[in-house]
Amino acid sequence: MADTDQVMEPSIDNPFISSPALHPRPTLQNVVSTVNFGCTLDLKAIVRHARNTEYNPKRFAAAMMRIREPKTTALIFSSGKIVCTGAKTEKQSLTAARKYARIIQKLGFDITFNDFKIQNIVASCDVGCPLSLVRMSTFHGEFLVYEPELFPGLIYRMKKPKVAILVFPSGKIVIAGAQKTDEIFEAFKNIYPVLMSFRKTK
Amino acid sequence: MADSFCPDCKRPTEVVFDHSAGDTVCSECGLVLEAHSIDETSEWRTFANESGDNDPVRVGGPSNPLLADGGLSTVISKPNGSSGDLLNSSLGRWQNRGANPDRSLIQAFKTIATMSDRLGLVATIKDRANEIYKKVEDQKPLRGRNQDAILAACLYIACRQEDKPRTVKEICSVANGATKKEIGRAKEYIVKQLEVEMGQSMEMGTIHAGDFLRRFCSHLGMSHQAVKAAQEAVQKSEELDIRRSPISIAAAVIYIITQLSDDKKLLKDISLATGVAEGTIRNSYKDLHPHASKLVPSWYAKVEDLKNLCSP
């Protein structure tokens, strides 16, 4: 087995750590993207004609539109920019954004599909065993914030790739703030050996 | 009595200091070496119950390096009796022009002092809190926040830095009008600012249940044996897989230990002393109960007593 992931404690004989193929894989939960349609939109008109749209200007300045496939929600601003949330993969987010563009186009606006950008990708994962957050916080102090009084999870801000990882004592983790799917997997590859070295052994 | 060189005797001789005249006199030949020495001790003694108009003290408080000019203050006061409208005179108005750059600082320091008094904190913690506040004061993102929350957060950080942490709920209780959330957010912000300014020398360890145990136990009036047992139990609990806040664990451990002793404390009392809700203590007790035999030290209670522990 090629030990590409050098673990800190050589005595760990757990196959899950030494072979990357057996690592758990993070599952993407949410992809947020933004697009610029390039023309001002009349939100009142959109709400009137589209079926699945809410607009409450007193509460929030954007209209919320939802489509069923891919299951996403879009915030449509009168400037012509939209935020598309709820997609499960980058490709789905792009498809959804194009669908929203189609809907708005059909309503009679002159749409161009500019500056599509994935802003945030969130993924979750389970390392399988409970973790000792207290021990972890004493070792990696620079990147960590652990305030059990304020939040039960430990917040690890990785510099490269620039993501935030929430680590919970149950062993479940959340990786957020990535701009590409690869960043998620890279972050997980970096953090997995660290997490496993702070397992709670019964 | 000191030894000084006397010019007449031409050798070091014993020298006497005469307080009444302020003279330094050689005891061998009687030559006055220094006259009119200035006495730097306090002129008047101040007592707590004496005050009012006839306060003869002419000096102010100790100099505070945190304030801009060292805390020097001379104020134009109202004259006794005669014309009470002299404060409206030009001099009085001049005094209150309000351009004192330290006014908000002094106000903030006063609030911090009140809060730390209520918690019974030592002067080191109060001074540290003052320093922290001075470092972060008057920065733009802070302006929008609740001033009380910021001061409370400074106090919280100071306690943590001195290794005498106080729970956020305790700080909440003496800070007027600041919620736990606000204090938490202010604390995060201040910590970030301090790291930027001081370059990562922030040493604030995570809180442990053991840090608070001593205080909670003394609030409840537990016996010395019980306190020791509780401390041991808390040490052992860190190894177990219990996913609860350290304060809740401390409260639950106190509950277990007191249930095993003769002096049983009510859930209500523990809840009041620790700030943990009764329901939370009950739930934490449910988590800890299966491990009770591992936690409670053997010299404190026998296994049969543990069986008598009511199952939640």
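B:Asp163 is exposed, its relative accessible area being 67%; exposed means over 50%, buried under 20%, and partly exposed in between, with a 1.4 Å probe and protein chains only. This is a predicted model, in which local features need pLDDT of at least 70 and side-chain atom pairs count only at pLDDT 80 or more, while totals for chains, interfaces and linings use all residues. Residues are numbered from 1 along each chain as its sequence is written, chains are lettered from A and ligands numbered from 1 in the order in which they are written, and side-chain values use heavy atoms, with hydrogens and water left out.

B:Asp163 lies in the loop between helix H5 (147-161) and helix H6 (168-174) of chain B. Helices (H or I, at least four residues) and strands (E, at least two) are DSSP runs numbered from the N terminus. Although B:Asp163 is not a glycine, its phi is positive, at about 65°. Most residues other than glycine have a negative phi, and most peptide bonds are trans.

B:Asp211 sits in helix H8 (residues 209-220) of chain B and counts as partly exposed because its relative accessibility is 36%.

Elsewhere in chain B, B:Leu260 belongs to helix H10 (residues 246-260). B:Leu260 is buried, because its relative accessible area is 16%. Between B:Leu260 and B:Thr111 there are 149 residues in sequence and 42 Å in space, C-alpha to C-alpha.

Chain A has its own backbone features. A:Asp115, in strand E6 (residues 114-126) of chain A, has a positive phi near 50° without being a glycine. At 58% relative accessibility, A:Asp115 is exposed. The peptide bond from A:Glu69 to A:Pro70 is cis, with omega near -5°, and A:Pro70 lies in the loop between strand E3 (63-67) and strand E4 (72-76) of chain A. A:Lys160 and A:Pro161 are also joined by a cis peptide bond, with omega about 0°; A:Pro161 is in the loop between strand E8 (154-158) and strand E9 (163-167) of chain A.

As for confidence, the model scores ipTM 0.75 and pTM 0.77. Chain B averages a pLDDT of 82, and 83% of the residues score at least 70; pLDDT is the predictor's confidence in each residue, from 0 to 100.
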